[in-house]
Amino acid sequence: MIERETHTYDVVVIGAGGAGLRAAIEASGNGAKTALVCKSLLGKAHTVMAEGGIAAAMGNVYAEDNWKVHFRDTMRGGKFLNNWRMAQLHAQEAPERVWELENWGALFDRTPDGRILQRDFGGHRYARLAHVGDRTGLEMIRTLQQNLVGVGQVDVFMECTMVELLRDDSGAVCGAFGYWRPTGEFISFACKAVVMATGGIGRAWKVTSNSWEYSGDGHAMALRAGAELIDMEFIQFHPTGMVWPPSVRGLLVTESVRGDGGVLKNKFGDRFMFNYVPDLFRKETAETEEEADRWYKDHSAARRTPDLLPRDEVARAINSEVKAGRGTPHGGVFLDVSSRLPADVIRRRLPSMYHQFLELADVDITKEPMEIGPTCHYTMGGIRAEAETEAATIPGLFACGESAGGMHGANRLGGNSLSDLLVFGKRAGEAAAQYAAGTSGAPSVPETQVTDAVRGVLGPFERVEGENPYVVLQDLQEMLHNLVGIIRTEGELKEALEMFHSLKDRASKVRVTGTRAYNPGWNTSIDLRNMLMVAEGCTKAALLRRESRGGHTRDDYPAPDPEFAKINHAVRYENGEVTVTATPLPQMPDDLRQIVEENPE
Ligand SMILES: Cc1cc2nc3c(=O)[nH]c(=O)nc-3n(C[C@H](O)[C@H](O)[C@H](O)COP(=O)(O)OP(=O)(O)OC[C@H]3O[C@@H](n4cnc5c(N)ncnc54)[C@H](O)[C@@H]3O)c2cc1C
């Protein structure tokens, strides 16, 4: 037997962001002996970085808002590729989840009459984002962690990276294997159910708002265990990341800047978004600057500003302005809030943005505009999960949060992730606990799978020569940035697929030195395998989707194609190959179709 620490649980939740924390609270609350495992320190997940807020149709600012409008906005934003049932459950249950968070101690900003304040965000018809200044994720993580500790039944394993899922003879998930980052010692869990909540894969791209943790581990573990991913061609490039200085390129500039009144301008000072309004949103978008500015003051008096179109539309527009030579000195466009709001309001409403630009770029956003450009931000695709229970396509595996696919279709609306984590984290935790309760016998770990996993991860130490894994990672990031970025073509995608052959070969021969304790080179050699596998799925799916839709733009097929509106792409790992096939989109029932199609103007 491989020397290691072993544990047995009913449910193991991998990932301690908003989704994992919410799932662990629920699994434990439903009587399951639960472990929560995370790669970094507890509290340092991506969720803590979330700025703008949590989307939920509570109707606190606009009484007209309700779940149906939120559902409609989400489906339109996702270009109708979303799993409609997920979008429905999300819209219906998000308000309850936010009030629950408040009951657990979250202190949201307030309306004058004391209700939770909600702010505007792209693609949302009404001001809908519950927030805490521009530090909403911090409050969310703090509250969930406090509740988790209060519930007191969940064992936390932090700085512990999971590497493989383990499966029993019937093919059901029966555990997970990984290592402690501080020591490099191995650890395995025997369990009846695993909830995957590991987040996205944005670190594989060169310019990104994502942290080192986003290497698609959960996606890759699920693939290797036989589960299916969907919609992997849809990567969200957030329109507003910092472009200068180079050391912070890609760092997020929250959409709240535009939600609170900031506007986009090119180098001539033109508010160019008026030139990029697609037909789908024309009826509900302001035609003049005067109308857009009126909308900021009263949404019933005018139509919304095009600065707050969904992210895919705004990112493409910025890309076009820069390409046409109307960009800023550092290759972005301007985002101006200084001429729109008083300095004290900017400092109060956007404290993190104020400090971020002052400290990192020496720009005072109360006095001058910011320079911004698109940055890789969110993975719409993920582990295919069933809407009610988040059960993946193999028994014993559940998925929620950014590592799961379906909810956001081709493009996610801002604010819909934090609510997704709460709604589907709760559902996944509950379903995993119920599944575990219905599974008889004690789970055990198949030793041969552990031996194989150990052999896989220790290879880089045994080589006498080989490349540094960071070099291969940098080449992967550069390649994805150039060939599988915001605008794609068949030629470039094929070139990328060719390059995967050599990148995978190089990755299989990397060498690391030193011990396993806190060895970032070794950790990267493991993450690299995952990024390569998942990014190859993104590229293959992008090549097959010969149309432009949401977060996937093809220069050679610039329009949406109704035939592609009928399918999702499913990614699998079969016989050592990443494969992609088209699967039919589930039919939306008539009552929901009516909600989506009805035009309230
Ligand atoms: C700067 C920024 C601002 C954002 N602002 C907003 C916003 O205002 N509103 C909104 O709705 N969304 C926002 N988003 C998106 C949102 O924050 C994320 O989509 C969401 O937090 C993802 O949550 P999660 O629980 O799925 O994953 P995360 O919060 O990233 O958690 C992932 C967890 O998985 C763990 N993990 C990963 N791999 C492994 C492994 N192999 N083994 C063990 N553990 C592992 C990590 O350690 C971590 O604990 C923002 C994103 C960024 C980057």
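# Notebook: ligand shell, domains and selected residues

**Entry 1: the ligand.** I looked up the residues around the ligand and found 41, of which Gly-15, Gly-17, His-46, Gly-199 and Gly-401 come nearest. I note that the model is a predicted one. The largest share, four residues, comes from α12. Sorted by class, the shell holds 22 polar, 14 nonpolar and five charged residues.

**Entry 2: the domains.** I recorded how the protein chain is divided. Domain 1 covers 5–234 and 380–447, domain 2 covers 238–375, and domain 3 covers 453–572. Between the centres of domain 1 and domain 3, taken over C-alpha atoms, I noted 24 Å. How many residues of domain 1 are in contact with domain 3? There are 37, and they meet 37 residues of domain 3. On the side of domain 1 that touches domain 3, β7, α5 (217–224) and β10 (229–230) each supply at least two residues. The largest share of that side, four residues, comes from α5. I counted the classes there as 18 nonpolar, nine polar and 10 charged.

**Entry 3: helix α13.** I followed α13 from residue 447 to residue 462. This helix has 16 residues and reaches 22 Å from its first C-alpha to its last, close to the expected 22 Å. Where does the kink in α13 lie? I found it at Gly-456, shortly before Pro-460, with an angle of about 30 degrees. Val-450, Ala-453, Val-457 and Pro-460 are buried in this helix. I recalled that an α-helix has 3.6 residues a turn, so residues three or four places apart point the same way. The cover over the buried residues of α13 includes β7, β8 (173–180), β9 (186–196) and α16 (520–544).

**Entry 4: backbone details.** I located a cis peptide bond between Trp-244 and Pro-245, with omega about -5 degrees. Pro-245 lies in the loop between β11 (235–242) and α6 (256–259).

Tyr-518 belongs to the loop between α15 (490–507) and α16. Tyr-518 counts as partly exposed because it has 14 C-beta neighbours inside 10 Å.

Asn-575 is not a glycine either, and its phi is positive at about 50 degrees. I placed Asn-575 in the loop between β18 (567–574) and β19 (577–584). Is Asn-575 buried or exposed? Asn-575 is exposed, because 5 other C-beta atoms lie within 10 Å, and the cut-off for exposed is 12 or fewer.

How values were computed: Residues numbered from 1 in each chain as written. Predicted model: local features only at pLDDT ≥ 70, side-chain atom pairs only at ≥ 80, totals over all residues. Near = placed C-beta within 6 Å. Nonpolar A, V, L, I, M, F, W, Y, C, P; charged D, E, K, R; others polar. Domains from an automatic or database assignment. Contact = placed C-beta atoms within 7 Å. Expected span 1.5 Å × (residues − 1). Bend = angle between axes of the 7 residues up to and from the residue. Buried ≥ 20, exposed ≤ 12 C-beta atoms within 10 Å, placed from the backbone.
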